[in-house]
Structure formats: C-alpha cells, structure tokens
Amino acid sequence: MNIVELGELIRTKQITSQELVRIFLERLKRYNRVLESVISYTDELAYKQAKEADELIGKGVYLGPLHGIPYGLKDIIAVPGYKTTWGSKSFKDQVLDIEAWVYKKLKSAGAVLVAKLVTGSLAYDDIWFGGRTRNPWNIEEFSTGSSAGPAASTSAGMVPFAIGSETAGSITYPASRCGVTALRPTFGTVGRTGVMSISESLDKLGPFCRSATDCSIVLDAIRGKDPDDQSSREIHLDDPFSVDITKLTVGYLDDAEMEVVNVLKAKGVNMVPFKLKYTVDSVQGILNFTMDVDMLAHFDEWQRTGQDEVYEAQDQWPTELSRARVIPAVDYIQAQRARGKLIREVKERFTVDAFIGNATDWEKVCLGNLVGLPVMVVPTGFKNISDPPPKGTRRRTTITTGIYARPDQDHIALALAMAYQSVTDHHKQRPPIDNLGPDDMIPDPPTTIIPPRILRL
C-alpha cells in the first residue's frame, strides 16, 4: 500500500502504527539477508514513536498523512542514540548526538523511523562496509548510487518510503535501477543540518516512494527553511494536486520515453519537441571539479592520515580525492565561473514548463545538479534481462524516465508525474523476490558490474 492507503487505515483505526512497525521490521529483516540494504534497525525507537502515534489517535489527534507511517533514512542522516556510519569502515561505530533537521521534520509529522538504510561508503555508489546492495528487480545486479538502501528497501516493500540524498546521481540512478518513484528536489528545498556533506552547493535530500502522490506528501513534510543550513530556503510551491496540466507546455527530448509523452498529450498537456541548449561544453568536468575538491576539503585529514587505505573501493574516493589534491586553484575558479554561465543560460533557455528526458544520462545528471533542477524519476515499464537462464526468470530490467522542471517548480514535475501514474500501473508492480525462476541463484559477486564514474573535463 502507498502512504495515502496506509494513512487511512491508521486514521480510521483499522490498523495501529505499532502493527505496521512490526510488519515492516519483519520485512526488513527477512529481505535484508539478500538485498544488503539496511545498516541499523531502530526497533526500540520505532515502537516508542509508534506507541506515541497510536496514543494521539486514541485522543482524537491526527497529525496528517504521515501519522504513524514507518520509513527509513539513508545512513548519512544523524539520529541520536543510533550509529550514523556514513557506510564507511572509518566511521562504522560513529554515534552523533544530533537530530538531523529532516528527521525532526518527519518526527513532527508523526512518521516512525524503523531503519537506517545503506549509503555507499562516504556517499559514493552502492559498496559499503557490510557488503553491496542489490537490485530487488534483478538480484544479480547491484542497485547503483549511494542512496542504494532507500531505493532497494522501498522497491522491495521493506519501507513505505525513505529519504535519500544526491550530489551527482545518487537519487536518480538507484531509483531508476530499482524501479521506484523518486524526487530530487530543487537545491535548497530540504535542510541538511545533521547530514554528511560532500559539496555544500550540490547536496540535496529527497524522497523514494511508491508513487508521485507519496513524493508530494513527503516533500510537503520535509521542505522549509532550516535555520542551521544557510543554503536552505522557504521555497513557495503551489499545490501539485491543484495544478491545471492542460495549461502547461512540456517539451520532450530525443531520449524521452514516448509512452509518457503520449499519455500526457492525451490528458491535454501541450507536448512539443525540445532541446535545452547551452554553450558550456565542460558540464561533466565542472561537476567533478566542484564535487571532488569540496569533498576533499571535508575529508582532507581523513586522507592525509591514511584512513582512506581501508576504504571499501579504492578506485572511488581515494583515487578521486588524490586527483582533486592536484587540481590548480585557477582551474577550480574557472570551473565555478563556467558553472555560473551555465546557470544563467539554462534559466534563459528553459522555455517550457517542464521537459521529459532520460533520468540517468550523465550529462543531464551533471547539468541538473549544477543548476539545481528538480527531477521526478518515474517508472515506465520493464524489459527482459540480458542473458536470462535457460528455464526462464521473473527478473526484469526496469525502464524509467525523468520529468524535469525549472528550479522552484517542483510542483510542476510532481503534477505531471501524478497525471501519468493516474492512468498507468508501472509504479504499482512489485519485484519478484519471493518467486524467482528455477535457475535463479544469487552469485557472489553478481555477474553485472557497474562501471565506475569517470573523471572527465
């Protein structure tokens, strides 16, 4: 069930929050043995919060659609009394006596934390100190992206929703791989106090959910000005449920999933071919320079003291931070000037209300993060896996697309995604982790290898 359905069961006392907590903790512990998507279970806290939620319902107090709903947090988000490991051997016993702002917002909305979910080590890809998170739709694949735990756990029904983060693809990639609906909001929409930082000008928090409707509900609960995060803002968003999509002009790129284009056109949206043109030709290099130098500034001592020697994947942060150490200051400054030019050009040439395009194309990932564009990742179907076993399999490769809006226009992307999902059911499909084919075994390591991100200028 989605958040709306679960919330109605709680509101009408057909089920208690404590019963939901038991159900989802059982699922988390059952499937985590295969998916490796959980770092810490928060049983004691979850039952305490659920009991409080049930007592409020008993008194006639209902906090809204997240009241009593279990959820998970990516383990770069601090919760007092529990480890915040950042997915790394270096920090696997770290306990931060900080309530992250996003955790406080969800707690005040009545949501119930049941688990700290896998982050790739220091928020890079899906390898962490306890293993490597798998894709529920195809357990021979890794989930990819550092928000691996939120994506895989939501996909497998282990939590109704989860909060992840993105600096450069860590929401879009795992959401696409695991076939869940997710939102990378406009930069600054969600406060980041109590969250591990890679780059202050790139880091964003966002929801992984069963539907765009759920994403709307969660975003409304977690957005707002965080007084301790100078980059966060009180962004005015219209109600996505009230947007008249027939008044929108939406572009579609060459790599857009045409089913989405056709469905939205049939619902009255003015769909037009579109290309977002800009003259900056080093978008990927700008992002890498920005992210890697900023990350090095945070973890300079960690690398200088040799702690990177036990890092889980030596071709990832240890290599990139070594490169970042020799980037000349003038090149970093020139990259920021080019970024400023890119932001201005995109603002001038984003002449539609939104556009449809591939959510994991690396150029678009870099562009969207540098400019701060919101994007909805929307499941649009499935295809057969390559090289299936002789006796067949129910494993699938998910197909997704991205709905991009202008900064501070997240409600437009949400409204379009909700319109598409109102007449399709791709987002309602569930992965086959209980009913695999006769020849489906779990190889270790899995056969599908995801290539590392390449540093390019």
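**Entry 1: charges**

I began with the charged side chains and found 53 positive and 58 negative ones in the chain, with the centres of the two sets 2 Å apart. For this count Lys and Arg are positive, Asp and Glu are negative, and His and the chain ends are left out; each charge is placed at NZ of Lys, CZ of Arg, CG of Asp or CD of Glu.

I noted that the model is predicted, that local features need pLDDT of at least 70 and side-chain atom pairs pLDDT 80 or more, while totals for chains, interfaces and linings use all residues. Residues are numbered from 1 along each chain as its sequence is written, and side-chain values use heavy atoms, with hydrogens and water left out.

**Entry 2: the chain as a whole**

I looked up the secondary structure, which comes to 14 helices and 15 strands (DSSP runs numbered from the N terminus, helices being H or I of at least four residues and strands E of at least two). The radius of gyration is 21 Å, close to the 23 Å of the globule rule for 457 residues, so the chain is as compact as a globular protein of that length; the radius is taken over C-alpha atoms, and the rule is 2.2 Å times the number of residues to the power 0.38. Along its principal axes the C-alpha trace spans about 60 × 60 × 55 Å.

I then checked burial, and buried residues make up 60% of the 457 in the chain, where buried means under 20% relative accessible area, exposed over 50% and partly exposed in between, with a 1.4 Å probe and protein chains only. Of the contacts with a separation of 6 or more, 78% come from residues 24 or more positions apart, a contact being heavy atoms within 4.5 Å.

**Entry 3: salt bridges**

I found 22 salt bridges in the structure, each defined as a side-chain nitrogen of Lys or Arg within 4 Å of a carboxyl oxygen of Asp or Glu. Which residues are linked in a network of them? Lys 83, Lys 92 and Asp 93 are: Asp 93 pairs with Lys 83, the closest N and O atoms being 3.4 Å apart, and the side chain of Asp 93 also meets that of Lys 92 at 3.7 Å, N to O. I recorded Asp 93 as exposed, with a relative accessible area of 54%, whereas Lys 83 is partly exposed at 37% and Lys 92 is partly exposed at 35%.

I compared this with the salt bridge between Asp 126 and Arg 132, whose closest N and O atoms are 2.5 Å apart; there I noted that both Asp 126 and Arg 132 are buried.

**Entry 4: two buried residues**

I looked for Asp 75 and found it in the loop between strand 2 and helix 4, buried with a relative accessible area of 0%. Leaving aside neighbours within four places in sequence, the contacts of Asp 75 include Lys 83, Trp 86, Lys 116 and Thr 119; Lys 83 is also the partner of Asp 93 in a salt bridge.

Not counting residues up to four places away in sequence, Val 346 touches Leu 276, Leu 367, Val 371 and Leu 373. For one of these, Leu 367, I also noted the C-alpha separation from Val 346, which is 9.1 Å for two residues 21 apart along the chain.
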